[in-house]
Amino acid sequence: MTNSKKAYLFGLTAVACWSTVASAFKLSLNYFSPSQLLVAASLFSILALTGIVLKQGKLHLVGSYLRNRPLFYLCMGLLNPCLYYLILFKAYDLLPAQQAQPLNYTWAITLTLMAVVFLKQKIRPQDWVAIVIGYLGAFVIATHGELTHLHFSHPLGVILALLSTVIWAMYWILNTKNQGDAIVSLLLAFLLGFPLVLIANAWLSDFHMGHWQGWLGAVWVGFFEMGFTYVLWLQALRHTDNTARISNLIFISPFVSLVLLHFLVGENIYFSTITGLVLIVIALLIQQLKFKRSAKPRLQSCNKD
């Protein structure tokens, strides 16, 4: 198999996995609270990442990375998994998944704005166009298309979904300062973030997690949202000779996700959701024009569901 075919195989497999996670979030939250789901999913993610790092023969790097930059990796763990997934799961708990998922998808637009402050990047004209179109799409989704009435189905859920994009953008901005192995670094962030997740759950909920359906969902989320899929995506980027072409595969995910939400979760998909999602994807494609010409390939590869 050629490297190009391997890249597409890894990329499409990752996209297929990410397309399922919105349904997995919503179904799991029927049995677990957001913080309980995070505890269980983080546990399985740590197991998956440890297995991958062990297979790669890089487990010894965990200790050396921690000794060299303990505060850095603690901050990484605070952002991801702790704050990011707590906020995201709560948004999914409050909103229909068809709203929470596209709103969270605007994180790359948020990253563009935050990169101006933290990375001293300049916003080009096409970025402003993307920002306007992207947030217009988010507005259409949040108001069910009733733009003149400004009626939000659940204001707190919308705020949390958009706040999750800020946390995720902060995580990737911090990640640009990291020169270590990507998988080892992710494992270390989860290891240091896990005690914080336990504390958050003790504060926000409890540890009475007896529903097997919730555990099944947590296994899926831990393996395919937080663990193996990230590695598949990195493999796709590693094997391709055209990063932009592989990166564009990610735009398939939210539309497949809507189909799965309809059939697995039973959500009736609103026309406003499809309209808003199309606007967001158009905005992200416009951003790709900038990324293809820029000298910031690290941010280009930071795709998310």
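Trainee: Is the crossing in which α6 passes α7 left-handed or right-handed?

Mentor: This is a predicted model, and in it α6 passes α7 in a left-handed crossing.

Trainee: Which residues of α6 and α7 meet?

Mentor: From α6 there are Ile109, Thr110, Thr112 and Leu113, which meet Asp127, Ala130, Ile131, Gly134 and Tyr135 of α7.

Trainee: Where is Lys120 found, and why does Lys120 count as exposed?

Mentor: Lys120 is found in the loop between α6 and α7. Exposed means over 50% relative accessible area; Lys120 has 68%, and so Lys120 counts as exposed. Lys120 also has a positive phi of about 60 degrees, although Lys120 is not a glycine.

Trainee: Let us turn to α10. How many residues does α10 have, and what span is expected for α10?

Mentor: Helix α10 comprises 13 residues, 212-224. From first C-alpha to last, α10 reaches 18 Å, close to the 18 Å expected at 1.5 Å a residue.

Trainee: Which residues of α10 are buried, and how do you know that they are on the same side of α10?

Mentor: The buried residues of α10 are Gly214, Gly217, Ala218, Val221 and Gly222. They cover an arc of only 130 degrees around the axis, and therefore they lie on the same side of α10. In general, an α-helix has 3.6 residues a turn, so residues three or four places apart point the same way. The face of α10 turned away from the buried side carries the exposed residues Trp212 and Leu216.

Trainee: What covers the buried residues of α10?

Mentor: The covering elements include α1, α2 and α4.

Trainee: Why is α2 called oblique to α10?

Mentor: α2 and α10 pack at an angle of about 50 degrees, and their axes are 7 Å apart. Roughly parallel requires an angle under 35 degrees, and roughly perpendicular begins at 65. The angle lies between these limits, so α2 is oblique to α10. In this case the crossing is right-handed.

Technical notes: Residues numbered from 1 in each chain as written. Predicted model: local features only at pLDDT ≥ 70, side-chain atom pairs only at ≥ 80, totals over all residues. Heavy atoms only, no water. Helix = DSSP H or I, 4+ residues; strand = E, 2+ residues; numbered from the N terminus. Expected span 1.5 Å × (residues − 1). Buried < 20%, exposed > 50% of the residue type's maximum accessible area, 1.4 Å probe, protein only. Arc of directions from axis to C-beta. Contact = heavy atoms within 4.5 Å. Axes fitted to C-alpha atoms, helices over the stretch in contact; angles between N-to-C directions. Parallel < 35°, antiparallel > 145°, perpendicular 65-115°, else oblique. Left-handed = near helix turned anticlockwise from the far one by under 90°.
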